[in-house]
Structures are given as structure tokens and as C-alpha cells.
Amino acid sequence: MVNTGSAENHGGRRSAGVLPRSGATTLAALLVFSVAAAAVGDAYADHPYENPPDSPHRTNIITRLPTMLWHYVRDTLTLAKHDRSHVLPHAETVAGLHALEGANTVTWIGHMTTLLKLDGRTILTDPWWANYASPVPGMGPRRYVPAALGLDELPPIDIVVVSHSHYDHLDLKAIASLPHRERITAVVPLGVGRYFRGLGYGSVVELGWHESTIVDDIAITALPAIHWSQRVPFKKNDTLWAAFSLESPSGARIYFGGDSDRDAAHLQPAHDTPGYDLALLSIGGFHNAGVHCAPEECAALGHDVGARVLVPMHWGTIYLGEGPPLDLPARFARAAVADGTAAEDVWVMRIGETRELPAPHDKTRVLRPLTVLDR
Ligand SMILES: [Zn+2]
Ligand SMILES: [Zn+2]
């Protein structure tokens, strides 16, 4: 059943399209696609969701095109050389998961995909197992390290949370392949539920920003993100994008940032919120202003939302043209520490690594009232 909350109109900026894989033909295709997207972008009115009007603006595709093309060529030529020391051997991934069985944990599967265990419930975020983040098979941003676990190696999932419809976050094949879907609740932003219908999910809950639901005693709230959405040409911003707050009965409180630029004015939760034990933050793709944040700004975003432990993600899985991949989390960590976060509270995880969540840091806090939607 799909439950749709009240639809506020939030949306994003104009499309950059996808980066083809290699060769003169695909470069030409990229050029044509990008210019076409820029040219027609404003002509389409079917984008019901918008970012707040005074949030960071996306730079025009024409302005960004030379940099995108250069990054694309450079990335393609250097892909094989990228350091993979941030990837755990598979056997260690499996052992690490089993060693912390029963604890509240986070496992980084890669990109923005995490496996969260909260008070006995298992949550999967932004499940992405595909080789390309693209609508065109064999083209587009390419995964260069595999997902840490196969879909068939996952423990039984209770809840899937998806932040938005982009191809590196919403993998239709993956969500159609998860075992025991009849017992899984999918919690997604407004409009994204359409991709889960007909796949046999036990329940599908769509949330607008600041709307909440409780699934298996886990309180889940969709929060603003500064981003955009698109899966096919001429269907821009037809579904909402969001960050999420996840709160367990024992008080564990996680911020899952989705993709977002930093915007303290709009991302900071209401002042009466107690902050988060841990924030999972997207730090890659930051050459797109108004869409992602640079590592330093992402660290500040973690502070904005009041998170104690900061985890940089959305790096080291597909290459998005920001220089050596391992520089990103290093920059993030330096900025976070300079901004007052204890060094041990910046978790630069390895893909496949499992860590026990920090204990809830404020036992006396008052939980925000939730708008509980009928599932
Ligand atoms: Zn995105
Ligand atoms: Zn992304």
C-alpha cells in the first residue's frame, strides 16, 4: 500500500545528464545530450518539486560542460590506477558483520548503500548494485569497486530507505531482486513509491519533507535535501529527494543525508531536535554546486544537523571527477576536526567495514512528536 503525505512543492535545478563511458562517439553524445538538456530544461513544466527558492543554485550546464568533459576524459584514462586500499577483502566483510551480530551497527556496502542494524531491525539505504549509474546499459558513471556484499548475502531486510531517484541511488534491478520483499517496507520520498509498486513489497510509504512514519518501531522522518531528481529525459524533478532521520526505540538516532548541497538555513532540523549520534553524508560529485557539497562543506553540514560521529560516503565507488578518490575523505576529516569534531568521531570507513554505532549521546532528550501516517 502506498501512503502519500501532503505534497509540498520542492524540487531541484536543471539536469546535467549522465557521462558516457568512453570514445569520441560517446563524448559527442554527452555534448549533444547536455546541450539539449540545457536548451529544453526550462521548457518543461513537469517538475513539481523544487528546492527552497533561496537555497544554493545549480550552475548552468553550459558553464560546467568543459570541466565535465575534461574530468570525464581524465577519469576514464586513470580509472585502472585508482587506489583500492579503502576496500575490505570480502572475507573480512563477512567476518566483520558476523562479529558484531546483535549490536547496533553500520556496514558500508559502497557509495550511499549501507546496512544498518538498529535494535534488531535491519535497514538498507539506497541499495545500488548496478555496474553503471545510468539509464543506458554499458554507459555512464561506472562502478570501479564491487558492492561489498552480494544481494544474496544480505541478512533479511526489514526496511529499505531510498533518498531519491537518481541511478546511483535507486537501482531498479536491485530493488526487484531483494529476497523476501513481502516482509520489507520501503520508505521513500514523494513520488518514488511508483518504482516499488508491483514488486511485491509488504508496504510502501511515501513521505514529504518533515513527514514521519514508524516501521517496526523505527521512527523515520524525511528531511529537506538540496538536490534534484531525474531518470528519463524531460521528466525532471518529478519525484522528491530527501535526507532521512532514523530513530530506534533505544534512542539510536541516525542522519542519512542522501545527496545534498549544504544549506544550513534549510537542512538544519528544528531547533528542538536533539541531534544525531551519527551522520552518513554524501561527499562526492561536488563539482555540481547546488547538488552536492565539497568535502569541507559536507563536514560542516554534519555539524549543522548536530551529528556527533560523521561518516563520509558517496566516494570510492564510482569516480565523479574530483581528483584522487582517497583525497575526498581526507579533506572531509581535516575539515571536521578543524571544526571541532574529535578525530575519533570522524569515521572514514572502508567499503565492507562494519562498525558498532556510538551509544546514544543524550539519554535525557525529548523526542520530537511524529506525524504517524497510516501504513
Ligand atoms: Zn543524486
Ligand atoms: Zn549520488
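N237 counts as buried, with 26 C-beta neighbours inside 10 Å (buried denotes 20 or more other C-beta atoms within 10 Å of the residue's own, exposed 12 or fewer, and partly exposed the range in between, with C-beta atoms placed from the backbone). The model is predicted, and local features need pLDDT of at least 70, side-chain atom pairs count only at pLDDT 80 or more, and totals for chains, interfaces and linings use all residues. Residues are numbered from 1 along each chain as its sequence is written, while chains are lettered from A and ligands numbered from 1 in the order in which they are written.

N237 is located in the loop between β9 (218-223) and β10 (243-247); helices (H or I, at least four residues) and strands (E, at least two) are DSSP runs numbered from the N terminus. Although not a glycine, N237 has a positive phi of about 55°. H210, likewise not a glycine, has a positive phi of about 75°. H210 belongs to the loop between β7 (203-207) and β8 (212-215) and is partly exposed, with 18 other C-beta atoms within 10 Å.

An open sheet of mixed pairing is formed by six strands in the order β8-β9-β10-β11-β12-β13, where two strands pair if DSSP finds at least two bridges between them. Because β8 and β13 (307-313) each have a single partner strand, one side of each edge strand lacks a neighbour in the sheet. The twist from one strand to the next averages 20°, with axes fitted as lines to C-alpha atoms, for helices over the stretch in contact, and angles running from 0 to 180 degrees between N-to-C directions.

Strand β12 (residues 276-282) runs parallel to β13 and is joined to β13 by six bridges. Within this pair, Y276 stands opposite A307 in β13. Helix α6 (residues 295-304) lies across β12 and β13, at about 150° to β13; contact requires C-beta atoms, placed from the backbone, within 7 Å.

Definitions and conventions:
Two residues are in contact if their C-beta atoms, placed from the backbone, lie within 7 Å.
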